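Colleague: I am new to this structure and would be grateful for a guided reading of it. May we proceed by question and answer?

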Amino acid sequence: MAPQTRGLHKGACYALFPQVKTVRPPAVPAPVARELVHRAQAHNVLPTKLTRHDDTNFTVSARLSHRHRLFMTEDGRYTASFVLEAIRQTTLLVSHTELGVPLGHHFVMWDMGHHLDAELPPLGPASEGLTLDVEVTDLRRRGAVPSAVALEMTIRAAGRAVGTGSIRFNITSPAAYTRIRGSLPTSGDPDLAAALPAPVDPLTVHHTRVCDVVLAASDRPGRWQLRADPANTLLFDRVNDHIPAMVLVEAAQQATGLTAPRGRFVSSSSRMNFSRYVELDQPCWIEAHEDTTEDGTPSVRVTGHQNEQLAFVIEFADTAAR
């Protein structure tokens with residue numbers, strides 16, 4: 001175990017470098033109601049405004065996040081997690097306010113991805129937020145409530161298009177969700193979480209807090225055990241009955257960094273598929289391999305298996321070593 005990780009206990013979340021100064025954030029608009037984007041804490045809410053154009057086209061304004069350690073690199077640039085979380089929260093906001101999805105219904109995500117043609121502007125006093133132009137490309141209903149939705153998004157920063165995003169998901173009622181879960185829990189209980197294995201050295205995954213490390217070493221190279229601390233409110237903004245998808249995205253980013261030849265990869269595109277829930281109380285094994293996309297772009301492909309079944313595939317591509 002690295003010296004920085006000795007004597008840790010579940011829930012430990014301290015900074016390795018508390019003397020590092022943070023940049024004073026710019027003033028930002030107030031976020032939308034946190035319930036509409038399934039967040040418990042207001043500072044984790046990104047959208048600030050929704051504008052309706054017609055039944056299938058909307059624009060969502062989102063603020064740049066300055067408090068979330070997982071959204072920014074040490075040198076002040078935004079990670080893929082920030083873009084993907086903006087896409088996810090935009091999806092929830094549009095679904096609840098414009099597509100008729102009741103609060104309390106469950107979103108079952110299947111696919112999500114993004115592509116940036118330009119780097120997002122760094123955080124500063126004059127920083128503007130993002131706008132996401134949303135188009136509903138597929139909408140299926142069960143009665144009055146959507147049951148399956150696909151969205152495409154154009155991402156804009158400082159008034160110009162910088163990239164795209166996409167997401168596909170199903171929607172289930174609380175009763176249907178209970179049937180899907182079967183004998184598995186449907187309400188979060190922190191006691192369900194397995195004991196956390198020792199983390200990899202935080203510095204190797206470009207973090208300064210041990211609780212933000214979501215990988216533990218295994219007995220072979222290129223393979224890690226997922227470790228996710230429910231007490232870390234940046235990973236678990238609210239109590240969950242399974243590992244949130246964005247925790248899996250963070251695990252894939254950390255695995256990508258450990259796999260990259262020169263250490264730090266900043267992804268400009270991603271694509272991911274989620275095929276089953278990852279449970280809190282069972283080991284999940286993460287593997288990463290260097291790969292190339294269909295057009296030959298270098299990438300890292302990350303898979304997660306639980307109980308010997310594939311749970312997700314996440315690929316980060318078109319990356320630049322830092």
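Colleague: Is H68 buried or exposed?

Modeller: This is a predicted model, in which local features need pLDDT of at least 70, side-chain atom pairs count only at pLDDT 80 or more, and totals for chains, interfaces and linings use all residues. Residues are numbered from 1 along each chain as its sequence is written, and side-chain values use heavy atoms, with hydrogens and water left out. Buried means under 20% relative accessible area, exposed over 50%, and partly exposed in between (1.4 Å probe, protein chains only). Because its relative accessibility is 9%, H68 counts as buried.

Colleague: Which residues does H68 touch, not counting residues up to four places away in sequence?

Modeller: H68 is placed in the loop between β2 (57–62) and α1 (80–97); helices (H or I, at least four residues) and strands (E, at least two) are DSSP runs, numbered from the N terminus. Contact means heavy atoms within 4.5 Å. With residues up to four places away in sequence left out, H68 touches N44 and L234.

Colleague: What residue in β4 is the bridge partner of T59?

Modeller: Two strands pair if DSSP finds at least two bridges between them. Strand β2 pairs with β1 (residues 47–54) in the antiparallel sense over six bridges, and a hairpin of two residues joins β1 to β2. Strand β2 also runs antiparallel to β4 (residues 130–142), to which six bridges join it. Within β4, the bridge partner of T59 is D133.

Colleague: Against which strands do the buried residues of α2 pack?

Modeller: In helix α2 (residues 174–181), the buried residues are A176, Y177 and R181. Seen down the axis of α2, they fall within an arc of 135 degrees, so they line one face of the helix; the arc is that of the directions from the helix axis to the C-beta atoms. The buried residues of α2 pack against β3 (106–116) and β6 (160–172).

Colleague: What percentage of the contacts in the protein chain with a separation of 6 or more is accounted for by residues 24 or more positions apart?

Modeller: The secondary structure of the protein chain comes to three helices and 14 strands. Of its 322 residues, 50% count as buried. Among contacts in the protein chain with a separation of 6 or more, the share from residues 24 or more positions apart is 65%.
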